[in-house]
Structures are given as structure tokens and as C-alpha cells.
Amino acid sequence: MAPVDLAGPSISVELVWSPQAGEVHQRQLLLAPGSSVEQALRACADFAPYLAQFADLAELRVGVWGRVRPLTTLLRENDRIEVYRPLTVDPKEARRQRYKARGQRIVSRHRPLAGKSSA
């Protein structure tokens, strides 16, 4: 992997990660044009302790603007790199637990069907 040379032109990207629930870190990075997601992750000193937890970087789930992408994805100006934590609880089970705790039905945010009336 070639080192990032910032003497020439550079692109600005944002790296966002959440080590635990309720904690979000954001960093702006200046990278050489043509840098990959992996190079961006390695270039961020604040992300290094989190990166050290993974023996194989392929274990990381990473996205660019909310879409999961491989580490080899080339970045463009103003891209937002998001590092996703593994799920600790199945979303359906979490919904059941919230229902039990609240003791009431969770209201759907869907709009009612148009044109359906009892008249």
C-alpha cells in the first residue's frame, strides 16, 4: 500500500464510526486522489485503536453514504465513510423487548390506505 502524499492535490472525506451505542466519532481526512476506503481507515490516527481490534480488516462492515462497500472502493471528494458495528441483538427481538417494557402496542408510522372507508 502506497503512502498518502499530501504535497499535491488532495480530497476531503469524512470518517464516521460508533464504538458503542450513544457514542459517535467524526473526523475529516485529507487524502490523495484515488485513495481507497482501507487507506482512509489506516490514515486516521483516532480510528487506529478501533482498527487494532480486528485481526482481519475484511471483518469490518464499511459503507460509503449508507451503502455497504468493499475496502477497495476508491473515494471521491466529500465522500462519507461509515463503519458499522456488528448487531448485538436481533432487531425483531429488540422490538419485542421494547413492547414488553412499554406494555402498549407500538404504533406504525405508515400512512393509512387511501380510499378505504367504511361508508
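Trainee: With which side chain does the side chain of Ser 12 make a polar contact?

Mentor: With the side chain of Gln 28, at 3.1 Å. A polar contact is a pair of N or O atoms within 3.5 Å; within protein, one must be able to donate a hydrogen and the other to accept it, and residues adjacent in sequence count only if both atoms are side-chain atoms. Keep in mind that this is a predicted model, in which local features need pLDDT of at least 70 and side-chain atom pairs count only at pLDDT 80 or more, while totals for chains, interfaces and linings use all residues. Residues are numbered from 1 along each chain as its sequence is written, and side-chain values use heavy atoms, leaving out hydrogens and water.

Trainee: Is Ser 12 buried or exposed?

Mentor: Ser 12 counts as buried because its relative accessibility is 17%. The cut-offs are under 20% relative accessible area for buried and over 50% for exposed, with partly exposed in between (1.4 Å probe, protein chains only). Leaving aside neighbours within four places in sequence, Ser 12 is in contact (heavy atoms within 4.5 Å) with Gln 28, Leu 29, Leu 30, Arg 76, Glu 77, Asn 78 and Asp 79. Ser 12 sits in strand β1, and its bridge partner in β2 is Leu 30.

Trainee: In what order do the five strands form the sheet?

Mentor: Here is the general idea: strands of a sheet pair through backbone hydrogen bonds, either parallel or antiparallel. Helices (H or I, at least four residues) and strands (E, at least two) are DSSP runs numbered from the N terminus, and two strands pair if DSSP finds at least two bridges between them. In this model the order is β2-β1-β5-β3-β4, an open sheet with mixed pairing. At its edges are β2 and β4, each pairing on one side only. Eight bridges link β1 to β2 in the antiparallel sense. Antiparallel pairing also joins β3 (residues 61–64) to β5 (residues 80–84), through four bridges, and there Val 62 has Val 83 as its bridge partner.

Trainee: How many residues lie between β3 and β4 in their hairpin?

Mentor: Two residues. The strands β3 and β4 (residues 67–68) are antiparallel and share two bridges, with Val 64 standing opposite Arg 67. Trp 65 counts as exposed, because its relative accessibility is 52%. Asn 78 has a positive phi of about 65° and is not a glycine either; at 51% relative accessibility, Asn 78 counts as exposed.

Trainee: Which residues have the most contacts inside the largest nonpolar core?

Mentor: In soluble globular proteins, nonpolar side chains tend to be buried together. A nonpolar core is a set of buried Ala, Val, Leu, Ile, Met, Phe, Trp, Tyr and Cys residues joined through side-chain atoms within 4.5 Å. The largest one here has 22 residues, and those with the most contacts inside it are Leu 15, Leu 41, Phe 47, Leu 60, Leu 75 and Ile 81. Two or more residues come from each of β1 (11–20), β2 (23–31), α1 (37–43), α2 (48–51), β3 and β5. Strand β1 gives the largest share, four residues. To explore it, select Leu 15: beyond its neighbours within four places in sequence, its contacts include Leu 29, Leu 41, Cys 44, Phe 47, Ile 81 and Val 83.

Trainee: How many aromatic pairs does the structure hold?

Mentor: Two. Rings of Phe, Tyr and Trp (its six-membered ring) pair if their centres lie within 6.5 Å; planes under 30 degrees apart count as stacked, over 60 as edge-to-face and the rest as tilted. Trp 17 and Phe 47 are edge-to-face, at 5.1 Å centre to centre and 75° between the planes. Trp 17 belongs to β1 and Phe 47 to the loop between α1 and α2, so this pair ties together parts that are 30 residues apart in sequence. Trp 17 counts as buried at 3% relative accessibility, and Phe 47 does at 0%. The rings of Phe 47 and Tyr 50 have centres 5.2 Å apart and planes at 55°, so that pair is tilted. Tyr 50 is buried as well, and Trp 17, Phe 47 and Tyr 50 form one aromatic cluster.

Trainee: How far apart are the end C-alpha atoms of helix α3?

Mentor: They are 17 Å apart, which agrees with the 16 Å that its twelve residues (91–102) should span. The expected span is 1.5 Å times one less than the number of residues. After α3 comes Gly 103, with a positive phi near 70°.
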